[in-house]
Amino acid sequence: MEGKKEEKKPKNRVKMREQDPLTRARNFNEVPYGYTPFDAVEEASRCLSCKRPTCREGCPVEVDIPGFISLIKERKFLEACYKVKGKNALPAVCGRVCPQEIQCESLCILGKKGEPVAIGNLERFVADYEAEKGEIKVPEKPKPTGRKVVIIGSGPGGLTCAADLAKSGHQVTLFEALQKPGGVLIYGIPEFRLPKVIVEREVEYIKKLGVELILDAVIGKLYTVDELLNDKGYDACFIATGAGLPIFMGILGENLNGIYSANEFLTRANLMKAYLFPEYDTPIKRGKKVAVFGGGNVAMDSARVALRLGAERVYLIYRRSEAEMPARKAEVHHAYEEGIEFLLLTNPTRFIDDGKGNVCGVECIKMELGEPDESGRRRPVPIKGSEFQIEIDIAIPALGTRANPLLTKTMPDLKLNKRGYIVAEEETGMTSKLGVFAGGDIVTGAATVILAMGAGKKAARAINEYLKWKYWDFKS
Amino acid sequence: MFKILKKKELSDVVTLFEIDAKDIARKVQPGNFFVLKIHEQGERIPLTIADFDREKGTLTTVFQKVGKTTYHLGTLNEGVFIMDIIGPLGIPSHIENYGKVVCIGGGVGIAPVYPIARALKEAGNIIISIIGARTKNLIFWKEKMRNVSDELIVTTDDGSYGRKAVVTIPLDELLREDKDIKLVIAIGPAIMMKFVCRTTAKYNVKTIVSLNSIMVDATGMCGACRVEVGGETKFACVDGPEFDGHKVDFDQLMKRQQMYLDEEKIALERYREKYGIK
C-alpha cells in the first residue's frame, strides 16, 4: 500500500478490499472493508472537479458530489461528511446500497473512457469516518414553525422526509409498524451488505434532528390518517409504507413447508436475527439445497443468506438470461464468487411434496427468449418437453410484491391506480387527498432505496410549501 | 413498553393477562388479534384478544404454555413490562343479528370466542355456546360464557367435567334438532375446527373459524400465515383471521403449524435447562 504513494494518479479506481468469497459465504460480516483515508484521498484525486458536474444530476437526493470529493482531497473528511449530510441524512446507507453505477457514477465524465470515480465508496468512507471519530454533528435546531407533520413508515423514504422536515423546523412524528425503525434497511437488506449498527446510527442522527419515532404502530389499525389529521392535529401526512404483499407463483405446492417468500426469509434472518437461533427465539429452516427464484437484488440477498445459513448448494433460478437480471451487477458478481449456482432461462412449474407436507423438489422447465415484451426485455418462452427436476429442501420465491392495502383501504378518498398503488405527483408526492403526500414503493411499486429517498426529499419540499400556503392543486 | 396490570392463572398451563395498551384498546374489536414480542431477542407471536376495556385502556389475553415464548410469558408477573405489542390486527368479526348462533370455544379458544359471543348477543342473537377441553382444569370462563349465552354446554374429552364428549357431538345434536341455527362460530385447535366444519357441512350451516397460523409481521408482508381457502392462497393475518370454515384446507393449516416443531423443542429444552424447570 505505502509503495503506491510514489506512483502517479492511478487510471483505475481504487478497489475496496473485500472478505475472501469462500470465507464470507459462511459468515454474516460485511463483505467490503471500506476505504482507508489513504485510499479515499487517492480515489478522490481522480475526480476532475468538472466545471459543470454531471454526476450531481444523477443523484436523486441532490448531494453536492464534487464539493464533498474536493474536501476529501484536502483530507477534510469530517467536513466532507457534513457536506453530504446537508442533503442526505443516510450517507453510510447510500454509500453501501445505492446503485451508483446507474446514477451519479453513470454520468461521471471519467466513465466515458475508463472507470468513473467511485462516488459511492467515497460517500461510505466519509460517513464511516465521522462515526468512527464519534464527531456526529447535529445542525443547530431551527426556529419551530409550530406545524406538525406525520410520516407513516420509517424506511428510507420516510427517514429522508422526516430529516428534511425537521431541519425546516416542523414537529415531525414518524410511525413504524415493526419493532425497529428502518423499514427495508432493517428487515430486507442483510447484515453482510448493510450492517444493522449503521442503520441504527443513521436513525439516531435523525432522532437527534428532533424527529419523534413511534414504533409498533400499524397506521390504518391503530389510527386512521383522518384521525391523525383531524383529531391529533397534524397539518400534513407523508405515506411511505413501502412494498407490500409478497407475490407467489401460483404453481402447485407453493404452500408446502420449506417454501418462504423472500420477504419472510429475509425478515426472519435480518429483523428477527433468526441466523442467531437459538440465542434469538425466531427460528428459520436451514436448508441443504436451496432454490431461490427471481433475478433482482432481493433474490441475490436471499441466495446469499441461505448460503450463510449453511446450505451446501444454492440455486438461483431465473426465467430470463443474465443480461435481463434487474439485480446490481456487483451483487450478481458477489453471488457468483460465493458459489451460488445460476440456472438461467429456467422457470419452476411445480413443487414436489415429500409426503409429509415438506418441499423436497421442484420441477422446472427450460426457457428461450422470444420477442420483447412491454418492459422492452425479451419475453421468455417455455421449451416444450424440457422439464426436469431438482432436489431441494428450501424454496424462496423472490418475485416482487403487490401493493399492501392495509392502510389504503381505510382511506376511501385516496386515489389508487388499478394495481392498488397510491396515485401521487412525481415532483411533489401530492395525492388526491388534501394534506396527504406519498412516495416510495407504495407509489411506484418495488424500486430502490435511493428512489424512495428522492421521493421523500421531494415530498418534504412540497410539504414545506403546502404548510406555508395551504394550497392544494392535485392534477392527475 | 406495555405493562402487565393483572395476572391470573386459569390452570397450570393457561394464564390470563390484563395489559395496559390504551391506544390498541381504543380501536380493538371482537375478532381482532395482536402480536407480542417479550424482549429484544424474542420472537413475534400472535395472541388472541379475550376482552378489552376502552375506558381503562386495557387488553385481556389468555394463552396456553406450549413453547418457549409462552412458557416465558407465563413467568412474567404483574407490574412487568412487555417490550412490543402490535395491534389491533386482522379483520374484526362481522356482527349482525343472524337469529340463532352457536359459538364454540375449544381450549384457549374459549377466550377469543367470548367477546364475539358477547357482541352477537348484544346485536340480538340467541346464543348457544359450547365450550370444551381435554380435561376439567383446562375449562375456564364458564360463568362469563353463561352470561352472554342463552344456553351453555360444557364438554371434556375425559368426562372430568360437564359432558364426556368432544364439542362436535352436542353440536351435531343441536343442528339435527334445531333447524333455526343460522351460523356457527368455532375457535380452537385446528383439528377441532376441522371437525366442526365437517359436522356443520352435513347440515349446510354457515361456519366461521378463526385461524391460528404461524405469523411474523402479521401485516401482510411475509406470507408465513398463508393457507388455502376455497382453492386460493390467503393470508390469515390480513385476509382473516376469520374465514368460511367450509373452504379452509385444514390439513394444510395443520402441517404449516408444525413447520418448526424441531426448533420449538430445541428452544423450549434450552429454556428449561437454563432455568432448571422440569
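**Exercise 1. Determine how far apart the mean positions of the positive and negative charges of chain B are.**

Solution. Begin with the counting rule, in which Lys and Arg are positive and Asp and Glu negative, while His and the chain ends are not counted. Next, place each charge at NZ of Lys, CZ of Arg, CG of Asp or CD of Glu.

The model is a predicted one, in which local features need pLDDT of at least 70 and side-chain atom pairs count only at pLDDT 80 or more, whereas totals for chains, interfaces and linings use all residues. Residues are numbered from 1 along each chain as its sequence is written, chains are lettered from A and ligands numbered from 1 in the order in which they are written, and side-chain values use heavy atoms, with hydrogens and water left out.

**Exercise 2. Describe the secondary structure of chain B and explain why the chain is as compact as a globular protein of that length.**

Solution. Helices (H or I, at least four residues) and strands (E, at least two) are DSSP runs numbered from the N terminus, and chain B has eight helices and 17 strands. Its radius of gyration is 18 Å, close to the 19 Å that the globule rule gives for 278 residues, so chain B is as compact as a globular protein of that length. Here the radius is taken over C-alpha atoms, and the rule is 2.2 Å times the number of residues to the power 0.38. Along the principal axes, the C-alpha trace of chain B spans about 55 × 40 × 40 Å.

**Exercise 3. Locate the cis peptide bonds at Pro88(B) and Pro241(B).**

Solution. Gly87(B) and Pro88(B) are joined by a cis peptide bond with omega of about -10°, and Pro88(B) belongs to strand S8 (residues 84-89) of chain B. The bond from Gly240(B) to Pro241(B) is also cis, with omega near 10°; Pro241(B), however, sits in the loop between strand S16 (232-235) and strand S17 (242-244) of chain B.

**Exercise 4. Is Leu345(A), with its positive phi, buried or partly exposed?**

Solution. Leu345(A) is not a glycine, yet its phi is positive, at about 50°. The residue lies in the loop between strand S8 (341-343) and strand S9 (346-353) of chain A. Buried means under 20% relative accessible area, exposed over 50%, and partly exposed in between (1.4 Å probe, protein chains only). At a relative accessible area of 24%, Leu345(A) is therefore partly exposed.
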